[in-house]
Amino acid sequence: MTSEMPTEILQTSPTSPVSPASPTPDPRYRYRKLFCISGVLILMLAAGATAYILTATQLAQTARLLALSGLLALIGSWLFGFGLAGLLPRQIHVLADVAPALPHTSSTLQENLSTLENSLEHAPIALFSIDTTSTPYPVQAMNGNARRLIAPGRAVQPEQLFDLLRTQVVGKRSMILFETEQGLERALLATSSLTTHGNTRLMIALMPVESELQSEAQQAWQKLVHVLTHEIMNSLTPVASLSRTAHDLLEDLKPSLPTDSIKDLTMALDAISRRAHGLAEFVGSYRSLSNVPAAHPERIHLATLFKRLSTLISPAWAQRGGRAEFITEPASLELMIDPAQFEQALINLIKNAEEATSKKASPEVVIRAKLSRGGRLRVEVTDNGPGVPEEFIPHIFTPFFSTKEKGSGIGLAMVQQLIQGNGGTIRYAHVVQGGARFILTV
């Protein structure tokens, strides 16, 4: 005996979505189950009775008993079938004209996969994956920004960067410092854990923020310098004025004062006047940091600019027994930049190199311009001096910071401001042979 599986039609409406949850149990479930069990028992009873009758008596004498057994088998089969049909799972059909099925064709899945891959590849951060099931943990670049970060021209030693990534803690943001060919660079890291197919991997998002931090720090220093110089100058002006007034009054009172007193007062007033004048000049030099004019870019030919600088600077280096060399690769390089500000930045860097190589018997400075990746201009100013001590590198562009006894601390800060004002960056880079190297990218 066969029975059709019960079918239920489910109607849906746009305003009442139906989720594929478990259907509500049929309240007649237990009765159908009882029917099924009863049918089985009756079938067993009928079969046993039939077997007993056939073996114990003659077939002709037991016709009525066999008919009764057949009737019992028929009733048991019907009960079993009825109960079994109620126990089978139901088929739920959704009306196609009300809730059409979502297309899950291979082309749609392939399109979605391609969209996800493109989104990952062009994500505006560098993504790395670390497999924690192997030792040492292998690091894999997951998108274009990550591959460019460890490609030649960026990170000097990718393995050192990988070591920093392996030490990160899941769920914690941190700031790391790693060395690139453009100098030390800071980056913000965020780490998460991902488990797929029983394998756990670390996903690390890395975003270089050196340029943004430098720009913010530069703006903060400009505001601070502006406030300090304004307040100091406001206090110095009356001091200088009063010292001159007191000196004039002293000239009028000379006939009535002792000679020793006149001498002491004159010396004191002269000292106040000189100190006020010197402090005003000192503050005025710092005021230039907060009053840099806006850049006015022009198209310049680098070979011509370098030739002009060489005429101005090379004789002084030759007198010291050294040389100042200017190189452009290729000689046809051109650049859109404010020529006066760019020249001033290079002059400050060359002056810094001159002071750093003051104790060298054969001082050298090389200014080299060439194209870097991405079509940007890269200018390197390299000298053969002692270089910058490791502990001072993070602070060399900070205003008022200087490693020299009589340094003002505004030379490199001014260079950074001039270059950033023209849309460029400046970094300090280590030199394997010794010395200092400043890299300008514009």
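Which residues does Phe342 touch, not counting residues up to four places away in sequence? The legends below begin with that residue.

The model is predicted, so local features need pLDDT of at least 70 and side-chain atom pairs count only at pLDDT 80 or more, while totals for chains, interfaces and linings use all residues. Residues are numbered from 1 along each chain as its sequence is written, and side-chain values use heavy atoms, with hydrogens and water left out.

**View 1. Surroundings of Phe342 in the largest nonpolar core.** Phe342 touches Ile300, Leu302, Leu305, Leu335, Ile337, Val379, Ile419 and Leu440, not counting residues up to four places away in sequence; contact means heavy atoms within 4.5 Å. A nonpolar core is a set of buried Ala, Val, Leu, Ile, Met, Phe, Trp, Tyr and Cys residues joined through side-chain atoms within 4.5 Å. Buried means under 20% relative accessible area, exposed over 50%, and partly exposed in between (1.4 Å probe, protein chains only).

**View 2. The aromatic pair of Phe128 and Phe162.** A search of the whole structure finds four aromatic pairs. Phe128 and Phe162 form one that is edge-to-face, at 6.3 Å centre to centre and 70 degrees between the planes. Rings of Phe, Tyr and Trp (its six-membered ring) pair if their centres lie within 6.5 Å; planes under 30 degrees apart count as stacked, over 60 as edge-to-face and the rest as tilted. This pair links distant parts of the chain, with Phe128 in strand β3 (residues 126-131) and Phe162 in helix α5 (residues 158-166), 34 residues apart. Helices (H or I, at least four residues) and strands (E, at least two) are DSSP runs, numbered from the N terminus. Phe128 counts as buried because its relative accessibility is 0%, and Phe162 does so at 9%.

**View 3. The aromatic pair of Phe306 and Phe326.** The ring centres of Phe306 and Phe326 are 5.5 Å apart and the planes are at 55 degrees, so the pair is tilted. Phe306 belongs to helix α8 (residues 302-319) and Phe326 to strand β9 (residues 323-329), so the pair ties together parts 20 residues apart in sequence. Phe306 is buried at 3% relative accessibility, as is Phe326 with a relative accessible area of 17%.

**View 4. The ring cluster of Phe397, Tyr428 and Phe438.** Ring pairs link these three residues, Phe397, Tyr428 and Phe438.
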